[in-house]
Amino acid sequence: MANGDTPERILLVGFMASGKSSVGRELASRLGWAFEDFDTVIEARAGKSVSEIFTEDGEAEFRRLESGVAEELLVRTEVVLASGGGWPAQPGSWNMVTGHTMSVWLQVSPAEAVRRASQEGPLRPLLEGGDVTNRATALLLVREASYRRARYALDSEQYGPLELAGEVVKLMTESR
């Protein structure tokens, strides 16, 4: 996105439980835009949860579904998108992101991500079994370079969803 351009869409990326969905809903509400969560769309279309897709169909099938949803949503306008935590690290994912997309990485530490995710209910499919914090740390290390491709980064441990949505709005107006 060039300076002076108004974004057509906002893409939130980050590790699990970084706040993509809660920030995305708040941001969409403030902007009067639609909100779409990749995982929610996938679940609605598949008729089962992300966890069930991983268990019954495997990660490769989930990633195939995710790529199709991303390709479809990333051409919409006036929409805030919450990607899945692993989507940015998939081959070719960032090729779908056009110049009129404002991308924001919501940063969270592995320990905080695990704490938040465990409060939400069953653990995420890629973190089941073993030392969850160590597995989260390893997974975040693998994905971090992909998250860094986002234009902006915000600390989702320092700020809550309301403040983060406000920061994104500020960044939008400053980049015009």
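Modeller: Axes are lines fitted to C-alpha atoms, for helices over the stretch in contact, and angles run from 0 to 180 degrees between N-to-C directions. Helices (H or I, at least four residues) and strands (E, at least two) are DSSP runs, numbered from the N terminus. The model is predicted: local features need pLDDT of at least 70, side-chain atom pairs count only at pLDDT 80 or more, and totals for chains, interfaces and linings use all residues. Numbering starts from 1 along each chain as its sequence is written, and side-chain values use heavy atoms, without hydrogens and water.

Biologist: At what angle do the axes of helix α3 and α4 cross?

Modeller: Helix α3 covers residues 50-57. Its axis comes within 7 Å of the α4 axis. The crossing is at roughly 130°.

Biologist: What does that make α3 to α4?

Modeller: Angles under 35 degrees count as roughly parallel, over 145 as roughly antiparallel, 65 to 115 as roughly perpendicular and the rest as oblique. The axes cross at roughly 130°. The relation of α3 to α4 is therefore oblique.

Biologist: How many charged residues has the contact of α3 with α4?

Modeller: Contact means heavy atoms within 4.5 Å. Val50, Ile53, Phe54 and Asp57 of α3 meet Glu59, Glu61, Phe62, Arg63 and Leu65 of α4. Classes are nonpolar (Ala, Val, Leu, Ile, Met, Phe, Trp, Tyr, Cys and Pro), charged (Asp, Glu, Lys and Arg) and polar (the others, Gly among them). The contact has five nonpolar residues, no polar ones, and a charged count of four.

Biologist: Is valine 50 buried or exposed?

Modeller: Valine 50 sits in helix α3. Buried means under 20% relative accessible area, exposed over 50%, partly exposed in between (1.4 Å probe, protein chains only). Valine 50 has 11%, so the label is buried.

Biologist: How are α2 and α4 set to each other, roughly?

Modeller: Helix α2 spans residues 38-46 and helix α4 residues 59-73. Their axes come within 10 Å and cross at roughly 115°. The two helices are therefore roughly perpendicular.

Biologist: Which residues of α4 make the contact?

Modeller: From α2 come Phe38, Asp39, Val41, Ile42 and Arg45. By class, this contact of α2 with α4 has eight nonpolar, no polar and four charged residues. The α4 side is Phe62, Leu65, Glu66, Val69, Ala70, Glu72 and Leu73.

Biologist: Is the crossing of α1 and α7 left-handed or right-handed?

Modeller: Helix α1 (residues 20-31) and helix α7 (residues 161-174) pack at about 55°, axes 8 Å apart. That angle makes them oblique. A crossing is left-handed if the near helix is turned anticlockwise from the far one by less than a right angle, and right-handed if clockwise. α1 passes α7 in a crossing that is right-handed.

Biologist: How many nonpolar residues are in the contact of α1 with α7?

Modeller: α1 brings Ser22, Val23, Glu26, Leu27, Arg30 and Leu31. Among its partners in α7 are Pro161, Leu164, Gly166 and Met172. Two residues of this contact are polar and two charged, and the nonpolar count is ten.

Biologist: How many residues has the largest nonpolar core?

Modeller: A nonpolar core is a set of buried Ala, Val, Leu, Ile, Met, Phe, Trp, Tyr and Cys residues joined through side-chain atoms within 4.5 Å. Leu11, Val13, Phe15, Phe38, Leu74, Leu81 and Trp87 have the most contacts inside the largest one. β1 (9-13), α2, α3, α4, β3, α5 (110-120) and α6 (132-147) each supply at least two of its residues.

Biologist: What is the relative accessible area of serine 93?

Modeller: Serine 93 lies in the loop between β3 (79-82) and β4 (101-107). Beyond four places in sequence, serine 93 touches Trp87 and Pro88. Serine 93 is buried, at 2%.

Biologist: What is phi of alanine 17?

Modeller: Most residues other than glycine have a negative phi. Alanine 17 lies in the loop between β1 and α1 and counts as buried at 10% relative accessibility. Its phi is positive, near 60°.

Biologist: How far apart in space are serine 118 and alanine 17, C-alpha to C-alpha?

Modeller: Serine 118 is in helix α5 and is partly exposed at 44%. In sequence, serine 118 and alanine 17 are 101 residues apart. In space, their C-alpha separation is 9.4 Å.
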